[in-house]
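Biologist: Hi! I'm new to this structure, could you walk me through it?
Modeller: Happy to, let's bring it up.

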Amino acid sequence: MKSFTERAITIIENIPNGKVMTYGQIAKYAGSPRGARQVVRILHSMSGKFQLPWHRVINSKGEIGFQDEVQFKRQKTFLESEGVFVNNRGKIDLEYYQYHPEVPPEEYE
């Protein structure tokens with residue numbers, strides 16, 4: 001069986017262009033519904049190594065989570081380049097842009 005980290009990386013790698021997932025949603029699919037902070041850590045430490053599309057991961061409110069203005073603008077620019085509308089406060093319409101993998105969460109385990 002794959003580890004939580006391996007499952008989370010696989011899920012993140014498979015978020016399609018122009019779609020987003022939340023940290024908590026990824027954690028749930030990876031087998032730990034309360035592991036959203038662990039997903040943050042994975043993105044922070046492994047995005048470069050695995051070339052993860054980190055910009056497609058947002059918080060549960062549908063917002064860009066960065067407080068740093070440079071990082072905020074960077075993520076907003078990446079998302080907009082993929083056709084995702086992000087308002088000036090960093091809000092994304094989850095009803096429209098949230099990705100829901102067809103694979104049930106338990107199948108990532």
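Biologist: What should I know before I start?
Modeller: This is a predicted model, where local features need pLDDT of at least 70 and side-chain atom pairs count only at pLDDT 80 or more, while totals for chains, interfaces and linings use all residues. Residues are numbered from 1 along each chain as its sequence is written, and side-chain values use heavy atoms, with hydrogens and water left out.

Biologist: Let's begin with α1. How many of its residues are buried?
Modeller: In α1, 7 of the 10 residues are buried, so this helix is largely enclosed by the rest of the structure. Buried means under 20% relative accessible area, exposed over 50%, and partly exposed in between, using a 1.4 Å probe and protein chains only. Helices (H or I, at least four residues) and strands (E, at least two) are DSSP runs, numbered from the N terminus.

Biologist: Which residues of α1 are buried, and what do they pack against?
Modeller: They are Phe4, Thr5, Arg7, Ala8, Ile9, Ile11 and Ile12. These residues pack against β1 (21–22), α2, α3 and β2.

Biologist: And which residues of α3 are buried?
Modeller: Val39, Ile42, Leu43 and Ser47 are the buried residues of α3. They pack against α1 (4–13), α2 (23–29) and β2 (57–58).

Biologist: Where is the kink in α3 centred?
Modeller: The kink is centred on His44 and is about 40°. The bend at a residue is the angle between axes fitted to the seven residues ending there and the seven starting there.

Biologist: Switching to the core: which residues of the largest nonpolar core touch the most other members?
Modeller: Of its 18 residues, Ile12, Ile26, Val39, Leu43 and Val57 do. A nonpolar core is a set of buried Ala, Val, Leu, Ile, Met, Phe, Trp, Tyr and Cys residues joined through side-chain atoms within 4.5 Å. The elements giving two or more residues to this core are α1, α2 and α3, and α1 provides the largest share, 5 residues.

Biologist: What is Val57 in contact with?
Modeller: Leaving aside neighbours within four places in sequence, Val57 is in contact with Ile12, Ile15, Met21, Thr22, Tyr23, Ile26, Leu43 and Gln75. Contact means heavy atoms within 4.5 Å.

Biologist: Now the largest pocket. How much space lies in it?
Modeller: About 380 Å³. The search runs on a 1 Å grid over the protein atoms alone: a pocket is an open set of points where a 1.4 Å probe fits, with protein on both sides within 12 Å along at least five of seven lines, and lining residues have an atom within 4 Å of a point. Of the 14 residues that line the largest pocket, Tyr23, Val40, Leu43, His44 and Phe66 are the closest to its centre.

Biologist: Which helix gives the most to that lining?
Modeller: That would be α3, with 6 residues.

Biologist: What about Phe50, and what is it in contact with?
Modeller: Phe50 is in helix α3 and counts as partly exposed, at 35% relative accessibility. Setting aside neighbours within four places in sequence, Phe50 is in contact with Ile9 and Glu13.

Terms used. Points joined across faces, edges and corners; volume = space filled by probe spheres on them.
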